[in-house]
Amino acid sequence: MRVGIFGGTFAPIHNGHVNAAHQFVKECKLDRLYVIPAGTPPHKKAPEMFSSQDRLEMARLAFPKDDALNEKIEVSDFEINRKEKSYTYNTLLEFSKDGDELVLLCGTDMFMSFDSWYRFKELFGMCTLCLALRNNSDTENLKAIKEKKSEFEKKYGAKILMLDMKPFEVSSTEVRDLISKGKNISNLVPAGVWEFLKNGSNRNI
Ligand code: ATP
């Protein structure tokens, strides 16, 4: 099986994540995609607005099993349930156990510092990396991204693809800022997540 892995803090999950995940499944012809909210993210501190369980629940609500595409997407609590730091290396080790071919989705912002990730050289050998453009300014930054891509390919034999996608420009930081200002963010998050934010367990909103 060709299995995709999409990790992130997802605080909260937003339409940029969903757009990239859907394109990833289609373009990479994945049999299954695991969306994996991080427990203790190694690259950033989890924002206090949401508990781990809130982030997991919102990720589940973002991918209701309502069509053939979403049927292939499963939200995993693997990292949330681990006590140790969430390193992608450990997650890939776990998800490669059945001998599946792994493809790792990564936004272009994270990609630029991929060589600071824990055991990144081994990561290159464990999966194909698939890049999602985050915003339209990335089109201008495309040169830098392409240079990084060839550097990793030459130096480490990395296998790297780029999704042919129109970015949905939003970040979780922006969503949190708008929430704290009492703004309507219904156009930035999936419908189920919007309902959760209005009625769910997070009473600070
Ligand atoms: P924050 O604003 O809190 O830093 P974020 O919006 O970057 O959060 P993360 O959960 O950190 O979201 O991102 C998980 C993964 O999704 C990363 O690889 C990131 O690059 C990617 N990503 C985030 N937003 C988008 C987007 N709008 N389009 C494509 N990929 C995205």
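**A walk through the fold**

Guide: Let's start in the sheet: valine 103 stands opposite threonine 128 in β5. This is a predicted model, where local features need pLDDT of at least 70, side-chain atom pairs count only at pLDDT 80 or more, and totals for chains, interfaces and linings use all residues. Residues are numbered from 1 along each chain as its sequence is written, and side-chain values use heavy atoms, with hydrogens and water left out.

Visitor: How many bridges join β4 to β5?

Guide: Five bridges connect β4 (residues 101–107) with β5 (residues 128–132), and the two strands run parallel. Strands pair if DSSP finds at least two bridges between them. Strands (E, at least two residues) and helices (H or I, at least four) are DSSP runs, numbered from the N terminus.

Visitor: What's the strand order in the sheet?

Guide: The order is β3-β2-β1-β4-β5-β6, an open sheet of six strands with parallel pairing. At the edges stand β3 and β6 (160–162), each with a single partner strand, so one side of each is left without a neighbour in the sheet. From one strand to the next, the twist averages 25°. Axes here are lines fitted to C-alpha atoms, for helices over the stretch in contact, and angles run from 0 to 180 degrees between N-to-C directions.

Visitor: Which strands does α1 touch?

Guide: Helix α1 packs on the sheet and touches β1, β2, β3, β4, β5 and β6. Its direction makes about 150° with that of β4. Helix α4 (residues 88–95) also packs there, touching β1, β2 and β4, again with about 150° to the direction of β4. Contact means heavy atoms within 4.5 Å.

Visitor: New topic: which residues of α2 are buried?

Guide: In α2 (residues 52–62), they are Asp54, Arg55, Leu56, Met58, Ala59 and Ala62. Buried means under 20% relative accessible area, exposed over 50%, and partly exposed in between (1.4 Å probe, protein chains only). Their cover includes β1 (2–8), α1 (15–27), β2 (32–37), β3 (73–75) and α9 (191–199).

Visitor: And how many aromatic pairs are there?

Guide: A search of the whole structure turns up 13. Rings of Phe, Tyr and Trp (its six-membered ring) pair if their centres lie within 6.5 Å; planes under 30 degrees apart count as stacked, over 60 as edge-to-face and the rest as tilted. Phenylalanine 120 and tyrosine 156 have ring centres 5.3 Å apart and planes at 90°, so the pair is edge-to-face. That pair links helix α6 (residues 120–126) with helix α7 (residues 137–156), across 36 residues.

Visitor: Is phenylalanine 120 buried or exposed?

Guide: Phenylalanine 120 is buried, at 12% relative accessible area, while tyrosine 156 counts as partly exposed at 26%. For phenylalanine 124 and phenylalanine 152, the centres are 5.2 Å apart and the planes at 45°, so that pair is tilted. Phenylalanine 124 is buried at 3%, and phenylalanine 152 is buried at 0%.

Visitor: Which residues do ring pairs link into a cluster?

Guide: The cluster holds Phe111, Phe114, Trp117, Phe120, Phe124, Phe152 and Tyr156.

Visitor: Last one: what does the secondary structure of the whole chain come to?

Guide: The protein chain has nine helices and six strands. Buried residues make up 48% of its 205 residues. Its C-alpha atoms fill a box of roughly 50 × 40 × 35 Å, taken along the principal axes.
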